[in-house]
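Trainee: Please show me how to read a protein model, one feature at a time.
Mentor: Gladly. Have the structure in view first.

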Amino acid sequence: MNITQEAIDAIENFSMPDNVGFGKVMLPIMAVAEYKDGQWSQVEVKKYEKLQLDPTCKVLHYGQEIFEGMKAYNYKDNGPNLFRPLENWKRFNLSGKRMAMPEVPEEIFMGAVEEVTWLGRKFVPKRSGESLYIRPFMFASECNLGIKPAEEFLFMVVASPVGSYFAGGSIKVLIERDMIRACSGGMGAAKTGGNYAGSLLSAIETKKLGYDQTLWLSATDKESIEEMSGMNFFAVINGELHTPEITDTILNGITRNSLIELAKSEGLKVHERRMSITEMISAIQDGSCTECFACGTAAILTPISSMHDRGGKDYILKEEYGPIARDLRDKLLGIQELSIEDKFNWTKLLNR
Ligand SMILES: Cc1ncc(COP(=O)(O)O)c(C=O)c1O
């Protein structure tokens, strides 16, 4: 690993605004490794700067790109610590495989993530719910217009001190019955830009109608609940936790999997299964479904207060922020922030 003096100077001279928002303030450093001739270069940590791209850079035309989203916490100086970073590394390479991109070795991925976090440790916010959001990504940097897999790539890591994602509490979701996010055999399980680009039109319509997030249904039956555009979905029905089972059209969320383990360890029954939207609506209407929530790295756990169909039908949850959602969120965040003992061994404390 090479760390430039400019990067060290940049971080030393950095001052963080009080109100950071989400993803707006970037640390003034970035890690870069280049893949060329079948090999990875060493990681270089340098001053954050603009990239110079040739207009025929393949990512600009064919979207060969993947990314991850992960966090380091430093609540009350308990860190900085990363939450399940190896899970992000594994998923990054699964996404890369689907998008015909080279594997990024553990030492490159983790080395870059840890070095950026360590150099930026003074700027990992310390209040509860705040963190350093870390964005590893890789894209086809080869330049030419041929539609074939690139042979040159850049792997990079940038990071942003962040506050709470949904500062406003619960969210209202729109059931998307027209557009689809992913189909079987496609790339829905990969964290690649195209999936997010494809969700934006629905996001615009959702906002226009006064709601916050899209709830995606299966392309196969237009019935099975899949996920939100950047979060997985859970419901509490008759006091038990239900979530759509993972398929190749759903992103296998690390927060989702952690909540499942946590809930089971608390004695809660968890069902990973096909969930139909018709059944969900009936369960909300007859009161057996008391809580719904979304989860992901950025938002941790965010309660869903209501679901909506285009054309005016609203399905309001009994609890806007129910006891099970609240308890799971507090416990997960407690582990992430090391204010609760991490009996699962999920946190990786950086300590040099
Ligand atoms: C489409 C999608 N689903 C679910 C998630 C939640 O995944 P995780 O909990 O690993 O952040 C994310 C966020 O990464 C996402 O982008």
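**Reading the model**

Mentor: T243 counts as buried because its relative accessibility is 1%. Buried means under 20% relative accessible area, exposed means over 50%, and partly exposed lies in between (1.4 Å probe, protein chains only). This is a predicted model: local features need pLDDT of at least 70, side-chain atom pairs count only at pLDDT 80 or more, and totals for chains, interfaces and linings use all residues. Residues are numbered from 1 along each chain as its sequence is written, and side-chain values use heavy atoms, leaving out hydrogens and water.

Trainee: Where is the place of T243?

Mentor: Strands (E, at least two residues) and helices (H or I, at least four) are DSSP runs, numbered from the N terminus. T243 is in strand β14, residues 240-244.

Trainee: Which residues does T243 touch, not counting those up to four places away in sequence?

Mentor: Contact means heavy atoms within 4.5 Å. With residues up to four places away not counted, T243 touches F233, F234, R256, I260, H271, E272, R273 and M275.

Trainee: Is W346 buried or exposed?

Mentor: W346 is buried, because its relative accessible area is 5%. W346 is in the loop between α9 (323-336) and β19 (347-349). Beyond four places in sequence, its contacts include L82, P85, S258 and L332. S258 is 88 residues from W346 in sequence, yet 8.8 Å away in space, C-alpha to C-alpha.

Trainee: What is a nonpolar core?

Mentor: In soluble globular proteins, nonpolar side chains tend to be buried together. A core is a set of buried Ala, Val, Leu, Ile, Met, Phe, Trp, Tyr and Cys residues, joined through side-chain atoms within 4.5 Å. The largest one here has 42 residues, and L27, F109, I134, M138 and F155 touch the most other members. Helix α4 gives the largest share, 8 residues. Apart from this core lies another, of 25 residues, among them I171 and F233.

Trainee: How many residues surround the ligand?

Mentor: A residue is near a molecule if one of its heavy atoms lies within 4 Å of it. Here 16 residues surround the ligand, and the closest are R91, Y196, E227, T255 and T297.

Trainee: Which polar atom of Y196 lies 2.5 Å from an oxygen atom of the ligand?

Mentor: A polar side-chain atom of Y196 does. K191 also places a polar side-chain atom by a ligand oxygen, at 2.7 Å. I254 uses a polar backbone atom, 2.8 Å from a ligand oxygen.

Notes
A polar contact is a pair of N or O atoms within 3.5 Å; within protein, one must be able to donate a hydrogen and the other to accept it, and residues adjacent in sequence count only if both atoms are side-chain atoms.
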